[in-house]
Amino acid sequence: MKFLVGKRAFIAVALKELLHLWRDRRILMLVIFLPPVFTLLLGHAFEEGPLRNVPAILLDQDHSAASQKFSALLRSSEVFNLQPVTVGAGSQIELSANNLTAAVIIPRGWEKGLHNGDPIPLDLVLDGADANTAPEIQGAVQAILGEYQSKALESMIDSLPDEVFDLGRQLPVSVRKDFSSSMSPWGVKASILYNPDLKFIHFVMPGIVGLILQLFTVTLTACSICRERESGTLTQLQVTPIHKSAIIIGKVLPYLGIALCVEAMLFFLGQEHFHVAFRSPILLFGLSFVFLLSTSGLGAFVSSFSRTQTQAIQYSVFFLLPVFLLSGAFAPISQLPLGVRIFSYAFPLTYFCHACREINLYGGGIARVIWDFVLLSLSALLTCSIAAYRLRAVEV
Amino acid sequence: MRRGEKPQFLAFNGLVKRYGRRIAVDNLSLNLQPGEVFGFLGPNGAGKTSTIRMLCGLTRSSAGNGTVLGFDIWNDRFEIRSRLGYVPQQFSLYADLTILENLWFFASVYGVPKQSADCRIQALLAQLDLFPYRRVRAGHLSGGFKQLLAIGSAILHKPALLVLDEPTSGLDPCNRQTIWNLLYELSQEGTTVFVTTHNMDEADRCTRVGFLYSGKLLAIGSPAQLKERLVNQILDFEVDPLIAAQSSMRDLPGVFGTRLRSGKIRLLADDPRNLIAELRQHWPFPALAWHAYEFGVPDMDDVFEAFRCGILAAKLESTEV
């Protein structure tokens, strides 16, 4: 009987919470419309595959047949978006002033050097502010140069006189084989697994969805409890026979339910718009459930040491900021130094991102993500229990 | 409690509440009978709200204990809560929910069975005259209706004890009367009412009052008993001009405060007969014209003033010894 009272009480709290949300249309609108908008924005921001359209200039100081050929090759690649900027000879190249990221300079005497058996390197000036793109651009130029070189090699072999081949035939077979293999470019044949289009969106999608859902479950749950503390209704609730844990459960459940619906919507958006595959819906649902339970629990926990909604928001922001960078939402946490990585394991999002990628990218089963489930469930239990316990301790 | 003795409805035994070094409630002992309308009086900061918080199990007493219906106010607080209604000082219902929604919510939280909750809510809406506003959001109600709703939410489960913390502060006399009529009705139905106030006019309406000052319960009794003690201590002077008299006469030796009442200056005096004799001999205020005097009939305001000045307390102590 006592349990029944408790059950009815927490359902009453949950229904009341939904009613509050229904009455406060602005929050309702935010909850419904912001997540998909954010998902679209962040999704497109991180959708990028290979490097493209880097603003650059090409300075051909050689004006030779070879330099023209190379320029044509550079133009035909989509890596660079070549700008018509003219720079006086010998002057310092101002990249940032001209909104450029790179300058490719074919030095005077480049063709001559190639023919004299003394090739001069190409000059490449890069904006190093973005430490990730600079090496990528260098790699791209290197690749174009390689392409040019192999073409030059082919045409050189074609133009060799027959005597050379007659002479070559007199060489021992092994030497000939070695020679011909050293003359052809050695390549790598890459088989790309799990994310064959190399689109970042496949990696980053769980991070985007998790971040958005975490943001509003933490803040809304925290605020809904603090609002009651501010308005004195919490005191009114506390003099009724309702148990503290029923208050917390009643507070957490509605936001959990809404967050699950929103998450389903975001995953649908990801699938239809970004073509991100979501495998094993049951496993994902279970994962989302424990993840959102733990973030709502976190919200309840935050509320237990904030007296006002303002404080709850402030604490939430301070908590959510490091999560953004350290949870592995946008970069694998294995790239973080060990000392920093330890903190990553404090955030529910870290486990959600890991498990979500295991399921979606690697097609892993429950065995691969069991620890994420266990730890998320434990953190949900822990935060909710502390919140329920401390609900009494903080008095108005 | 001795065997065979009937348990008190409410009993406090030496309750103490300390906040750090500050003592909010100091050794409070009190017994209430069922059906009483008990007025808990005292100025702001006397410890009334702290006592109520202990009574409702919101905070634990630093020392001493208390029981309601034989249940300990801390250890059995969940037992007590289903038998207790609490109306806090500030409006503490959900402003964005309607009257009906608020009542339904609290009915569920108190565990009132669904079938009887419907009847109870309809009955309360009729009793409180809130039926026409049942779909109005609580935040849009006037102060009087808000307070009626707050009381309604607190008595949904027919509590044996209703605790109200300054229920009529900020209400007009008409609303005040409505609230008091409701409290009497509840008392008639068998609910014990524990109400704090610093409005002495209201204290007069209680069956018994206790006077709390600086955390100490200085006196307890019916309003008549308390006023009785001040008979022959109060003088009403007819003097001119009144305002000047009010401040000048306050400094007379043996006088504890002066108040302007119905065109007269009311004095609370240590020894009124002696004072009159002295004033007859020598009237120290050349600027004031003294026309007449009489002994006043004490009211609860005088009792409050007397306690505030400490003379009643001193008197009580001397009679106790």
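Reply: Taken over C-alpha atoms, the centres of domain 1 and domain 2 of chain A are separated by 52 Å. The domain bounds come from an automatic or database domain assignment. As for the ground rules, this is a predicted model, where local features need pLDDT of at least 70 and side-chain atom pairs count only at pLDDT 80 or more, while totals for chains, interfaces and linings use all residues. Residues are numbered from 1 along each chain as its sequence is written, and chains are lettered from A and ligands numbered from 1 in the order in which they are written.

Me: Which stretches make up domain 1 and domain 2 of chain A?
Reply: Domain 2 of chain A covers 54-183. Domain 1 of chain A is written as two stretches, 10-47 + 207-393.

Me: And chain B, how many Å separate the centres of its domain 1 and domain 2?
Reply: In chain B, domain 1 is 10-222 and domain 2 is 227-320. Taken over C-alpha atoms, the centres of these domains of chain B are separated by 36 Å.

Me: Which element gives the most to the side of domain 1 of chain B that touches domain 2 of chain B?
Reply: Ten residues of domain 1 of chain B are in contact with eight residues of domain 2 of chain B; contact is when C-beta atoms, placed from the backbone, lie within 7 Å. On the domain 1 side, α7 (200-203), β9 (208-213) and β10 (216-221) of chain B each supply at least two residues. Helices (H or I, at least four residues) and strands (E, at least two) are DSSP runs, numbered from the N terminus. The element that gives the most to that side, with three residues, is α7(B).

Me: How many nonpolar residues does that side of domain 1 of chain B have, where it touches domain 2 of chain B?
Reply: Ala, Val, Leu, Ile, Met, Phe, Trp, Tyr, Cys and Pro count as nonpolar, Asp, Glu, Lys and Arg as charged, and the others, Gly among them, as polar. That side of domain 1 of chain B, touching domain 2 of chain B, has no polar and two charged residues, and its nonpolar count is eight.

Me: Which element gives the most to the side of chain B that touches chain A?
Reply: Here 22 residues of chain B are in contact with 21 residues of chain A. Two or more residues on the chain B side come from each of α2 (77-81), β6 (84-87) and α3 (99-109) of chain B. By class, that side of chain B has 13 nonpolar, six polar and three charged residues. Giving the most to the side of chain B that touches chain A, with five residues, is α3(B).

Me: Is α3(B) roughly parallel or roughly antiparallel to α5(B)?
Reply: The axes of α3(B) and α5 (residues 143-154) of chain B come within 9 Å and cross at roughly 25°. Axes are lines fitted to C-alpha atoms, for helices over the stretch in contact, and angles run from 0 to 180 degrees between N-to-C directions. Angles under 35 degrees count as roughly parallel, over 145 as roughly antiparallel, 65 to 115 as roughly perpendicular and the rest as oblique. So α3(B) and α5(B) are roughly parallel.

Me: Which residues of α5(B) make the contact with α3(B)?
Reply: From α3(B) come B:Ile99, B:Asn102, B:Leu103 and B:Phe106. By class, this contact of α3(B) with α5(B) has four nonpolar, three polar and no charged residues. The α5(B) residues are B:Leu149, B:Gly152 and B:Ser153.

Me: Is A:Val13 buried or exposed?
Reply: A:Val13 sits in helix α1 (residues 2-23) of chain A. A residue is buried if 20 or more other C-beta atoms, placed from the backbone, lie within 10 Å of its own, exposed if 12 or fewer, and partly exposed in between. Because A:Val13 has 25 C-beta neighbours inside 10 Å, it counts as buried.

Me: And how does A:Leu95 count?
Reply: A:Leu95 lies in the loop between β2 (80-82) and β3 (102-106) of chain A. Leaving aside neighbours within four places in sequence, A:Leu95 is in contact with A:Leu100, A:Thr101, A:Ala103, A:Val125 and A:Asp127. Because A:Leu95 has 19 C-beta neighbours inside 10 Å, it counts as partly exposed.

Definitions and conventions. Contact = placed C-beta atoms within 7 Å.
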